[in-house]
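Student: I've got the structure open and would like to talk it through. Can we start with how the helices pack?

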Protein chains: 2
Amino acid sequence: MSFPEQFSDYVGTIEAGLETYLPPATEHPTRLHEAMRYAVQGGGKRLRPVLLLAAADLFPSGSNTALAAAMALEYVHTYSLVHDDLPCMDNDDLRRGRATTHKAYDEATALLTGDALLTHSFVILTLHYSDQPTLAHHLCSELANAASSRRLIGGQMADLLAEKSNQATLAELDLIHLNKTAALLECALVMGGHIGGASSEELALLRRAGRHLGLTFQIVDDILDATAGTATLGKTAGKDAKVNKTTYLKLHGMEEAKHIAQKHTQQAVTAIASLPGNTEFLITLIREMAKREK
Amino acid sequence: MSFPEQFSDYVGTIEAGLETYLPPATEHPTRLHEAMRYAVQGGGKRLRPVLLLAAADLFPSGSNTALAAAMALEYVHTYSLVHDDLPCMDNDDLRRGRATTHKAYDEATALLTGDALLTHSFVILTLHYSDQPTLAHHLCSELANAASSRRLIGGQMADLLAEKSNQATLAELDLIHLNKTAALLECALVMGGHIGGASSEELALLRRAGRHLGLTFQIVDDILDATAGTATLGKTAGKDAKVNKTTYLKLHGMEEAKHIAQKHTQQAVTAIASLPGNTEFLITLIREMAKREK
């Protein structure tokens, strides 16, 4: 299978799963279960679940299914976006070209939808890996730590504080990106590794790849915010410059930011290339993420 | 030990644990970690962790410690209060006699504090029961399900919708209370049972007791809202009548509401009395909860 075929194969599986693994929209209270669906149906790159499935596929995983874990991870990502879009946070009306959850419903429903998606992730992990308690335990632990006040939520808080002060240093910026963005990408690869039965050395390589991919991803995001249009991005472009946000671009300029992104891309590729199995898909994916235009 | 001595012994253990099991306030980002502490330091009855510890103590639990699970449960309860107090939900300025988290900090910090407390619960459960993956799995599963869109969050959503419509029936009211209030009380007793190594019959009795205790608890809450003062409750009293909220009082009147609460109290006591071990503390606690004046 070619890279685009394989990618679209993964995305097809993921899109179908996102429906299946949520409570039915007809279940009480329907407004909440409809809003959970609305939030996850917004499309997007599905990068995290694709990384998870592809990482699991590096290993001869036997009967383990990675899809439930991929869904749990995407629900955590979605919850973080729903809460991040709220008026008291980024106050965004648009996400991937359509109304954000609090615009389509209301603020209270969006708040509870985010809470419910985060919680549902742990419901799924404990339900679908119940015949392998040790695996379920590793997956819950990895996801909870990645989403914690020390990683994802800590990164969002630090980002918020940095926006207010406009004075973040490069070290602080890296810390924000490592937590806000890299945490769930690392988590994707490591959860996939756990499902595949990876050794601790292999898990460390996957974690390292996720870390560098996360930094690349965020630098490219900063570049796109400055260079792409709102229609292309499906969200409001040019926001960073407008609020004078500290980004790689502001600290380094365009050329140096691109150079740093390339360096991190290469380090991610090197880590993945040291793993067993067919690493071609993951390596191509990492290179594509660095070249993306939206 | 007398009941008040035993109760205060449990609460002392819990209050000390609430500090210990959180990330240090000095850890980056400090504003978030300080706010997490602020939210959990608000006092309150600590009913859920007391129930959990007392349920575990019914059984010869050996080396299992119940404290980490009790902390995880109290953090979930605290998160639900922090989010419930937000302007888009109940918009409360006071909780247990002091400023709510979004008043003491700001809305964005309170939102992330709630998110972080919920997530931290799963960090703790997976960390502290890592040498017993099956137990960790049961605890994560029980907590995630109790806090899910089908229970706690579903109950909050249904409560919100019922407030707007002012037309909830008794069946809807019971469903709201079973989810919004009883879910975490059931969870407390069942998690304690898992830690104690309870059989599935014993777990079912604990669940039944939690269910009836939850209904009693909510009916007493409705009665207190109508009869006690703001100073006594530590939160704004008389809110239900002001917004014409559907409660047991509105549907049944005071005497019948008290009678229903007594009936549920007796059913909770009967379930607990069927369990092994010294059930005296739990039975007294349930009776005290029905008689409480704040």
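Student: How do H6(A) and H6(B) lie relative to each other, roughly parallel or roughly perpendicular?
Tutor: Keep in mind that this is a predicted model. The axes of H6(A), residues 107-128, and H6(B) come within 11 Å and cross at roughly 5 degrees. Angles under 35 degrees count as roughly parallel. So H6(A) and H6(B) are roughly parallel.

Student: Which residues of H6(B) make that contact?
Tutor: By class, the H6(A)-H6(B) contact has 4 nonpolar, 2 polar and 2 charged residues. On the H6(A) side you'll find Asp115(A), Leu118(A), Thr119(A) and Phe122(A). From H6(B) come Asp115(B), Leu118(B), Thr119(B) and Phe122(B).

Student: Zooming out, which element gives the largest share of the side of chain B that touches chain A?
Tutor: Overall, 43 residues of chain B are in contact with 43 residues of chain A. The elements of chain B giving two or more residues to that side are H2 (30-40), H6 (107-128), H7 (133-146) and H8 (152-165). The largest share, 12 residues, comes from H6(B).

Student: And by class, how many charged residues does that side of chain B have?
Tutor: Go through the classes for the side of chain B that touches chain A: 24 residues are nonpolar and 15 are polar. The charged count is 4.

Student: What kind of axis relates the two chains?
Tutor: Chain B can be laid on chain A with an RMSD of 0.0 Å, using a turn of 180 degrees and a shift of 0.0 Å along the axis. That is the relation of a two-fold axis.

Student: Do the copies meet through the same surface or opposite ones, and what percentage of chain B's interface residues tells us?
Tutor: Check which interface residues of chain B are also interface residues in chain A.

Student: Which residues have the most contacts inside the largest nonpolar core?
Tutor: That core has 192 residues. Take Leu143(B): beyond its neighbours within four places in sequence, its contacts include Ala72(B), Leu73(B), Val76(B), Leu125(B) and Met191(B). The residues with the most contacts inside the core are Leu143(A) and Leu143(B).

Student: Last one: is Leu251(A) buried or partly exposed?
Tutor: Leu251(A) lies in H13 (residues 248-252) of chain A, and not counting residues up to four places away, Leu251(A) touches Leu170(A), Leu173(A) and Thr246(A). A residue needs 20 or more other C-beta atoms within 10 Å to be buried, and 12 or fewer make it exposed. Leu251(A) has 15, so Leu251(A) is partly exposed.

How values were computed
Residues numbered from 1 in each chain as written. Chains lettered and ligands numbered in written order. Predicted model: local features only at pLDDT ≥ 70, side-chain atom pairs only at ≥ 80, totals over all residues. Core = buried A, V, L, I, M, F, W, Y, C linked by C-beta atoms within 7 Å. Contact = placed C-beta atoms within 7 Å. Least-squares fit on C-alpha atoms with pLDDT ≥ 70 in both. Helix = DSSP H or I, 4+ residues; strand = E, 2+ residues; numbered from the N terminus. Nonpolar A, V, L, I, M, F, W, Y, C, P; charged D, E, K, R; others polar. Axes fitted to C-alpha atoms, helices over the stretch in contact; angles between N-to-C directions. Parallel < 35°, antiparallel > 145°, perpendicular 65-115°, else oblique.
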